[in-house]
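I opened a new notebook page for this structure.

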Amino acid sequence: MAVYTEVPDDEMAAFVARYGIGDLLSAKGIAEGVENSNYLLRTTRGAYILTLYEKRVNPDDLPFFLGLMQHLAARGLICPQPVKDSRGEMLGRLAGRPAAIVTFLDGLSVRRPTAAHCQELGKGLAQLHAAGADFAMERVNALSVPGWRPLVEQAGADADKVSPGLARRIAAEVAVHEASWPQALPRGVIHADLFPNNVFFIGDRLSGLIDFYFACTDAFAYDLAICLNSWCFEADSSFNLTKGQALLAGYESVRPLEAAEVEALPQLCRGSALRFLLTRLVDWLNVPPGALVKPHDPLEYDRKLVFHQRVADAREYGLKR
Ligand SMILES: Nc1ncnc2c1ncn2[C@@H]1O[C@H](COP(=O)(O)OP(=O)(O)OP(=O)(O)O)[C@@H](O)[C@H]1O
Ligand SMILES: N[C@@H](CCO)C(=O)O
């Protein structure tokens, strides 16, 4: 996360006092991340995370996100749990923004995942899909195919300042998916942003998942595609087949893929690369003045997209069949 909204000390202390989590000792803005404003709170009872929800989060979606974290935690998945205030509410308001306090998770995210991390991640992703199966709420994926053209339009001709020809290429890529996106794949709750920075490990063991603010109801295999993109490429943009194999094997050790999902995987990888290329591009072109945030490189996902455009079938990601 980042810090877009500064909170005056007295407002922060008064807000925290409503939660029965002890006296506030310190509140430190967290520079990592790009979406919401986050503070690490230390109180006389321990550590917590305070999140102020920013532009890309629709406040109407917050009951889904907070309810989902509660649901998954109740089924044994290690994820942040929303803390209720003295009125029993999970969602509050601070410095003019919707805000919530969640529990702090131990563990560290890994900058350069190994194949062992990828295997654990695959297993954890399938466990998340299973734990979400009986979650009653639904949320449309606002950043699936119908959400992409508006992002292309928002970037407009400025896309070419980031890379010559990019505006035309992304418009053409969106058109491909609008015409042929797979519609009937097994679906349920997906995380939709399970990048390495959102997964904690203690040693080689997965110890927790965070950042459920893109979670939605969509194809399970699309979540897998997002993970193949964010876990299995090297810094030079080459795909690491060993990591792909490990991730897919970890996933299938809990939930084997159906034939239609295997067939769709190259297109899902291509579409998810495009999704992150587009949101990164729009963010890159619109950094709010004074915000404590470092935008992500959109062209990393352009290079991944080019790789997927050449993939003929899922064996190229390490699937054994
Ligand atoms: N529940 C938690 N327990 C421990 N640390 C946390 C927790 N939630 C967030 N953090 C810390 O805050 C950082 C930013 O959080 P998060 O990834 O949710 O932000 P974001 O803006 O949504 O980021 P992203 O760019 O991934 O969307 C994390 O990298 C982690 O260090
Ligand atoms: N994980 C995203 C940021 C949150 O949408 C990215 O790396 O582009």
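Ala, Val, Leu, Ile, Met, Phe, Trp, Tyr, Cys and Pro count as nonpolar, Asp, Glu, Lys and Arg as charged, and the others, Gly among them, as polar.

**Ground rules**

I noted that this is a predicted model, in which local features need pLDDT of at least 70 and side-chain atom pairs count only at pLDDT 80 or more, while totals for chains, interfaces and linings use all residues. Residues are numbered from 1 along each chain as its sequence is written, and chains are lettered from A and ligands numbered from 1 in the order in which they are written.

**Domains**

I looked up the domain bounds, which come from an automatic or database domain assignment. The assignment gives domain 1 (9-103) and domain 2 (115-317). Taken over C-alpha atoms, the centres of domain 1 and domain 2 are 26 Å apart. I counted two residues as in contact if their C-beta atoms, placed from the backbone, lie within 7 Å. Domain 1 puts 20 residues into the contact and domain 2 puts in 21 residues.

Which helix gives the most to the side of domain 1 that touches domain 2? I found helix α2 (residues 62-74), with seven residues. Helices (H or I, at least four residues) and strands (E, at least two) are DSSP runs, numbered from the N terminus. That side of domain 1 divides into twelve nonpolar, four polar and four charged residues.

I also checked the UniProt record. Its unreviewed entry lists residues 27-257 for "domain: Aminoglycoside phosphotransferase". UniProt positions are given in the numbering used here, feature names are shortened, and annotations may be inferred rather than shown by experiment. In the model, the end C-alpha atoms of residues 27-257 lie 44 Å apart, and the span is 36% helix and 19% strand.

**The core**

I wrote down two more terms. A residue is buried if 20 or more other C-beta atoms lie within 10 Å of its own, exposed if 12 or fewer, and partly exposed in between, with C-beta atoms placed from the backbone. A nonpolar core is a set of buried Ala, Val, Leu, Ile, Met, Phe, Trp, Tyr and Cys residues joined through C-beta atoms within 7 Å.

The largest nonpolar core has 83 residues, and those touching the most other members are A215, A221, A225, C227, L228, L247 and L277. Helix α9 (residues 259-285) gives the most to this core, with eleven residues. Domain 1 (9-103) and domain 2 (115-317) each supply at least three residues to this core. Leaving out residues up to four places away in sequence, L277 touches I170, P298, Y301, D302 and L305.

**Single residues**

I looked at L68, which lies in helix α2. L68 counts as buried because it has 23 C-beta neighbours inside 10 Å. Beyond four places in sequence, L68 is in contact with F135, V189, F212 and A215. L68 and A131 are 63 residues apart in sequence, and their C-alpha atoms are 9.9 Å apart in space.

Next I took L166 in helix α6 (residues 166-180). Is L166 buried or exposed? L166 is buried, because 21 other C-beta atoms lie within 10 Å.

V199 is found in strand β7. V199 counts as buried because it has 27 C-beta neighbours inside 10 Å. Leaving out residues up to four places away in sequence, V199 touches S109, L121, L194, L206 and L209.

I then checked A130 in helix α3 (residues 115-131). A130 has 16 C-beta neighbours inside 10 Å, so A130 counts as partly exposed. Beyond four places in sequence, A130 is in contact with V254 and R255.

**Positive phi**

A192 is not a glycine, yet I found a positive phi of about 75 degrees there. A192 sits in the loop between β6 (187-190) and β7 (199-202). A192 is buried, because 23 C-beta neighbours lie inside 10 Å.

S237, also not a glycine, has a positive phi of about 75 degrees. S237 lies in the loop between α7 (220-231) and α8 (241-252). With 14 C-beta neighbours inside 10 Å, S237 counts as partly exposed.
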